[in-house]
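Me: I would like to go through the terms used for this model and see what stands behind each of them.

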Amino acid sequence: MNEKTMGVYVHIPFCTTRCDYCDFYSTEGLGAPQQGQYVSSLLHEWECYAACGIRNDWRIETLYIGGGTPTVLVPAHLERLLDGLMERFETSHLQEFTVEANPGTLTEEKLKILRDHGCDRLSLGVQSFDPFYLKWLGRSHDVQAVYDSWAMARRMGWDNLSLDLMYGLQDQTLDHWRQTLQQAIELQPEHLSLYQLNIEPGTPMAERVARGEAHTVDEETARQQYLLAREVLLAAGYGHYEISNYAKPGKHSRHNTLYWKNQEYVGMGAGASGYINRVRYTNHKDLTLYTRMIKRNRVPRAFEETIDRELQKKETILLGLRLTEGVDKKAYQQCFGRSLEEDFGAVIRKHEAQGLMENREDTLRLTLEGLLLSNEILLDFF
Ligand code: SF4
């Protein structure tokens, strides 16, 4: 049997309230009946892949339930979702099962449901330990909720916890950022994701910035914050394995690494993206449209693009260079029948000469300076 290794991403587009900076697809304040209907649609979406001839012998190795905030689902619907997924998947190959959670939405009852269904990794959206910044960002929780959720998860047996932090916040000093990192390290997370605040058009934060009521730090401060985080976390025993991600040995995110290695994955749910059989797709965001298509046994795609070989090469570089280990040159040659130098020699030489890239015998990777300028460099491959 020729099984294809896959990851599965399940999107839960509900949040307690909307954060001011967020442009992810999610809806606030939906009640239990709408949640129930959505869970039914999600489970039916899996059947649609078979009905439409897309699904065959998938070997599911990672499962990631993200959002939105998956843990806003009421216990009954959370349980029905997980029961349904476990019934549908062959779970014996599952190596990692992550659920995103926000402080204040976790209860012992929900954690027990997650644990009983095999969830072995939680990713907690902490963002800051400072009440001022939590309010400034429009987060729905306070600092105490962070500590309470964290302690509850540990007490209930999780030994693989990740937390998200944000930097580049209005007037945030290096000392403040260092203190935030120390507060995070004191919790002894196995994994950290650090994101610079970007002002996304159309968000309440963008409106506040336009009105002069909010601002972010300047480029140089953001750069120093990035370098400081790396220094502090390396000293605390974390490996820097991706532009924005750090982990204790063996605790990197397997699911996200699958994205960076340009492997295929199923994206389920309203607004979710996936990559199956060399087709990248995004599902309808509109819940009504999403549900209607599934009721008709159709995959609920709003957009799809077939990735030809040339684009696949570029995506392999674009994603692979996000990893600090870089792109495996031998694997590239085996996959495409040509060397990286044959395909991208001029761009590689240009960035190598500027000290932004290292072209080693086995790997091509960004230097630290290159990681800081990754957005500009990666665009050069297109
Ligand atoms: S909790 Fe996450 S997904 Fe929901 S609004 Fe805030 S940042 Fe966006």
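Reply: Helices α11 and α12 are roughly antiparallel to each other. This is a predicted model, in which local features need pLDDT of at least 70, side-chain atom pairs count only at pLDDT 80 or more, and totals for chains, interfaces and linings use all residues. Residues are numbered from 1 along each chain as its sequence is written, and side-chain values use heavy atoms, with hydrogens and water left out.

Me: Why are α11 and α12 called roughly antiparallel?

Reply: Helix α11 (residues 309-320) and helix α12 (residues 329-336) pack at about 170°, and their axes are 12 Å apart. Axes are lines fitted to C-alpha atoms, for helices over the stretch in contact, and angles run from 0 to 180 degrees between N-to-C directions. Angles under 35 degrees count as roughly parallel, over 145 as roughly antiparallel, 65 to 115 as roughly perpendicular and the rest as oblique. The angle of about 170° therefore falls in the roughly antiparallel class. Helices (H or I, at least four residues) and strands (E, at least two) are DSSP runs, numbered from the N terminus.

Me: Which residues of α11 and α12 meet?

Reply: From α11 come R309, Q312, K313, T316 and I317, and from α12 come Y332, C335 and F336. Contact means heavy atoms within 4.5 Å.

Me: What makes a set of residues a nonpolar core?

Reply: The members are buried Ala, Val, Leu, Ile, Met, Phe, Trp, Tyr and Cys residues joined through side-chain atoms within 4.5 Å. Buried means under 20% relative accessible area, exposed over 50%, and partly exposed in between (1.4 Å probe, protein chains only). The largest such core has 88 residues, and Y49, I65, L165, L194 and V266 have the most contacts inside it. Helix α1 (residues 32-51) gives the most to this core, with 7 residues. A second, separate core of 11 residues includes W136, L137, M166 and M205.

Me: Why is N277 called partly exposed?

Reply: The relative accessible area of N277 is 36%, which lies between the 20% and 50% limits, so N277 is partly exposed. N277 sits in the loop between β12 (273-276) and β13 (279-283), and has a positive phi of about 50° although it is not a glycine. R278 lies in the loop between β12 and β13, with phi near 65°. R278 is partly exposed, at 30% relative accessible area.

Me: What makes these phi values worth a remark, and where is there a cis peptide bond?

Reply: Most residues other than glycine have a negative phi, and most peptide bonds are trans. A cis peptide bond joins G67 and G68, with omega about 25°.
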